[in-house]
Amino acid sequence: MEEVKEDLRALLISASNGLSIQQLDKDYYNITGSNIPYGRFGYSSLHLFLKSIPDALSIVGHGKYATAYPVVTRETEHIDFMVQKQRKPTKKRPRFRYKALDGEVDSSDSSQYTINKLNEERMWNPPVPQKTKSKKSDSDYSVPSLPSTIPESFPGEAIPDIDSENEIFYTGYPLDALRRSTDIHFHERVSDIIQPINGFYPVKITHIRTPYKFWFTLQFEGQHNELKEELQDFYEQLDDDELLLPEIDIKTKRVCAARFKGIWCRAEIVSDEPNSDGDFKVFRLDQGDIVHVNPKFMKYLMKQFGKIPRQVYRGRLAYVKPKRMRWSKSASEKFEEITNGCILYAKIEHFDPDDQCHYLSLLHTYTEKDVDIGQYLAVKCHDVGLTENVQGKQSLALKIPTFYMLEHGLTPLSSEFDY
């Protein structure tokens, strides 16, 4: 552990202004080839491990906003002093050259100072032509004739209607609130964030449409749970009408904090037309599903929750195919049954950049023998088969609806969909 602490302290001292725990983990990976091994020392999260070594570093903040600072010892005091004394190199200003009356002259030549100064003043302060004043008689001015009656209405409008989409005229939106889902960073590929363990990622499936269209989250360090806790703590302590989203701001493509089944989440509004119960459709950005939410449980999403990237990714089961034109409802239900609530181990077999989709082989490890979920479906469902093609079966019937259509409410919900 001492070697790990020394490496961490050295990284933080060289940063001079502290590092977020994510950046510290990334820098540690860059110099050692592995992430900070908190699990080796018996800790369930990186944050808990870093807080357990106060002799090497200190943590300010909590969760995604935590920042690490070095604890300077007598042995490292001189290093910290040198880092703090570092200055950015200043650029030398070039010697000016002026266009003199008789040619180009170096500004260092004092004998030409007067000429240079005159040229400079002519360049930046050109003479302004003087206007001559002339007297005008009363006959030179014409007074427009006014209409005898003023019309009750004029064509057009002098002042435009207030539009909540127009930031110039609409001022009701809080400055520290997010507007669109594009304001929240999104990692398309899992491999852009973290490397697998022995070729596998621990994942949890959050929503299933079919075995070819589902959403999952990574289970490293419990990022998903930390975000839920921070959202819950912040919005539960607010009054009912505090930060409440008014009707004028319930617009498609807007983001909000939505409360569904007692849990607050980040969501994108996909329909600004309420259903018969007065609820609106929203897409939960960190779960991958569309739900109906009452407007009294929709609040502005503050910018502090936009710093955390979206936690959900698109997935598709590899090496399997439906024997019919589409996936049957029974096959999708069997897939959901074996994956529901379980931490699975996923191997990324292929990534489709156009659809931003991961083709996964999934292992269920909660039984005495590991179960390959693709093979399990082929055995349990008579209308599911295996294939050597990692992408399975490709057809228009299986591509529609697309992930985009599902995430933006352009198709019926699963309960309304006819398989």
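Author: Bear in mind that this is a predicted model. In soluble globular proteins, nonpolar side chains tend to be buried together. Here the largest nonpolar core has 38 residues, and Y235, V282, M298 and L301 are those with the most contacts inside it. At least two residues each are supplied by α6, β8, β9, β10, β11 and α10, with the largest share, five residues, coming from β8.

Reader: How should I read the buried residues of helix α7?

Author: An α-helix has 3.6 residues a turn, so residues three or four places apart point the same way. In α7, which spans residues 329-339, the buried residues are A331, S332, F335, I338 and T339. Seen down the helix axis, these fall within an arc of 135°, so they line one face of α7. Just after α7, G341 takes a positive phi of about 75°.

Reader: What kind of pair do the rings of F234 and Y235 form?

Author: A pair of aromatic rings is described by the distance of the centres and the angle of the planes. For F234 and Y235 the centres are 4.9 Å apart and the planes are at 80°, so the pair is edge-to-face. Y235 is buried, with a relative accessible area of 1%, whereas F234 is partly exposed, at 21%. Ring pairs also link F234 and Y235 with W264 and F305 into a cluster.

Terms used
Residues numbered from 1 in each chain as written. Predicted model: local features only at pLDDT ≥ 70, side-chain atom pairs only at ≥ 80, totals over all residues. Heavy atoms only, no water. Core = buried A, V, L, I, M, F, W, Y, C linked by side-chain atoms within 4.5 Å. Buried < 20%, exposed > 50% of the residue type's maximum accessible area, 1.4 Å probe, protein only. Helix = DSSP H or I, 4+ residues; strand = E, 2+ residues; numbered from the N terminus. Arc of directions from axis to C-beta. Phe/Tyr/Trp six-rings, centres within 6.5 Å; stacked < 30°, edge-to-face > 60°.
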